[in-house]
Amino acid sequence: MAEQAHIAAAIDVGSNSVHLLVSERIDGRHVVLRDESVLLGLWAMVDMEGFVPDEGVDAAIEALREYIDVAAEEGASSLTLLATEPLRRASNRTRFCQAVEDATGYPLHALGHEEEALLTVLGVLDGRPASEPTLVLDIGGGSTEIVLLAPGADPVVGVIPVGSARLTAQHVEDDPPTEQEVLELRAEAHHLFSSLPTGHPQRGIVVGGSGTNLIRLTTEEGDEDAPDSGLIDVERTAKAIEIVKATPSADLVE
């Protein structure tokens with residue numbers, strides 16, 4: 001018997017953006033109906049003020065209202081609002097979440113690092129246990145989580161409170177970045193990752209905006225459906241770095 005179709009939506013208030021995903025589960029697989037985001041940069045507000053100022057709260061609520069309407073138009077029968085970085089660090093997190101619920105009628109769930117990491121695993125493996133030693137890597141704007149998985153073992157979660165946006169803000173002033181700035185970024189990233197747990201994964205899965213944009217940046221026109229179009233390796237990463245060093249950020253966005 002075919003599985004009954006079910007449309008669900010989730011909205012994530014993250015460091016860089018508010019992100020909507022609407023998907024329909026058909027015969028055991030998820031079909032994405034909408035996947036879009038709007039940049040807000042809440043991490044910078046929290047880094048500067050220690051809280052999300054009123055204009056940031058208002059902008060987030062406006063984005064959430066718009067995406068709630070989109071989810072309804074797509075026929076979503078369930079909707080979940082989540083907050084990751086930077087709400088974990090914001091001193092007005094409780095007030096922010098209450099303002100969202102008052103404005104939208106939906107509770108906003110602020111996730112801890114481990115909750116976020118394990119929900120990521122649940123999503124990428126579709127609820128199934130790992131069949132081989134696996135690394136799941138989520139590089140966000142304000143934080144990075146890794147999860148080491150092995151058959152029959154509890155997941156091991158590692159966290160560093162730095163992501164792509166925060167690391168860039170700390171080390172880059174030029175646009176595009178200079179060779180020296182890239183070297184500083186690499187050195188700092190190497191230092192940060194040295195504190196994370198280690199294992200012997202045979203498979204790696206990269207999620208989040210950083211990985212997605214690396215794929216978009218390095219995919220040649222017409223190669224979107226190639227078998228290796230979603231593969232991130234050393235060569236592809238090096239190619240992305242060379243593109244970033246040679247291209248102003250406004251052109252990268254385009």
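Predicted model: local features only at pLDDT ≥ 70, side-chain atom pairs only at ≥ 80, totals over all residues.
1. Val136 has Val147 as its bridge partner in strand E7. The two strands concerned are E6, residues 134-139, and E7, residues 144-149, which pair in the antiparallel sense over six bridges.

2. E6 and E7 belong to an open sheet of four strands, ordered E8-E7-E6-E9, with mixed pairing. Strand E8 (156-160) and strand E9 (203-207) stand at its edges; each has a single partner strand, so one side of each is left without a neighbour in the sheet. From one strand to the next, the twist averages 15°.

3. Which helix lies across E6, E7, E8 and E9? Helix H4, made of residues 113-124, does so, and runs at about 55° to E7.

4. The other sheet to look at is an open one of five strands, in the order E3-E2-E1-E4-E5, again with mixed pairing. Its edge strands are E3 (29-39) and E5 (108-110), each of which pairs on one side only. On average, and with direction ignored, neighbouring strands of this sheet are turned by 20° against each other.

5. A residue pair to find by eye here is Ser23 and its bridge partner in E3, Val32.

6. Helix H2, residues 54-73, lies across strand E1 (6-13), E2, E3 and strand E4 (78-83), and its direction is at about 15° to E2. Helix H3, residues 93-104, lies across E1, E4 and E5, running at about 160° to E5.

7. How many residues make up the largest nonpolar core? This core has 28 residues, and those with the most contacts inside it are Ile11, Val13, Phe96 and Leu108. At least two core residues come from each of E1, E2, helix H1 (42-49), H2, E4 and H3. H2 gives the largest share, with nine residues.

8. Which residues does Phe96 contact, leaving aside its neighbours within four places in sequence? They are Val13, Leu42, Val52, Val57, Ala60, Leu87 and Leu108. Of these, Val13 and Leu108 are also among the residues named for having the most contacts inside the core.

How values were computed
Residues numbered from 1 in each chain as written. Heavy atoms only, no water. Pairing = 2+ DSSP bridges. Axes fitted to C-alpha atoms, helices over the stretch in contact; angles between N-to-C directions. Contact = heavy atoms within 4.5 Å. Core = buried A, V, L, I, M, F, W, Y, C linked by side-chain atoms within 4.5 Å. Buried < 20%, exposed > 50% of the residue type's maximum accessible area, 1.4 Å probe, protein only.
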